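Dear colleague,

I am handing over the structure below, and after it you will find a short account of what turned up. Please read it alongside the model.

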Amino acid sequence: MKIDWATLGSVFGVSLVATVTLVGLFTLGITGLSRRERAVAAGGSAGLAVTGAYACFAGCAAAVGYGIYLIVA
């Protein structure tokens, strides 16, 4: 049995980048929603933050959906 280390390293690198990107997007979404909470408490609105948060969550859902598509297909 021979292990192709270059391919294994490539898979590790892509997995690491994808994981960090998804966690970052989700974190930005949570941050946007928390800004809305602070703005409502202060009597204002944070429409742009909420829109950005929903866009981040949509990006996360799209990435997860694409991953499921790759596994099933």
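A residue is called buried when its relative accessible area is under 20%, exposed when it is over 50%, and partly exposed in between, with a 1.4 Å probe and protein chains only. This is a predicted model, in which local features need pLDDT of at least 70 and side-chain atom pairs count only at pLDDT 80 or more, while totals for chains, interfaces and linings use all residues. Residues are numbered from 1 along each chain as its sequence is written, and side-chain values use heavy atoms, leaving out hydrogens and water.

Along the principal axes, the C-alpha atoms fill a box of roughly 65 × 25 × 15 Å, and buried residues make up 11% of the 73 residues.

As for the cysteines, a search of the whole structure finds zero disulfides (pairs of cysteine sulfur atoms within 2.5 Å). Cys 56 is in no disulfide, the nearest cysteine sulfur being that of Cys 60, 7.0 Å away, which is too far for a bond. Cys 56 counts as buried at 12% relative accessibility, and Cys 60 counts as buried at 10%.

Finally, Trp 5 lies in helix H1, residues 5–42, and is exposed, with a relative accessible area of 60%.

Best regards

Technical notes. Helices (H or I, at least four residues) and strands (E, at least two) are DSSP runs, numbered from the N terminus.
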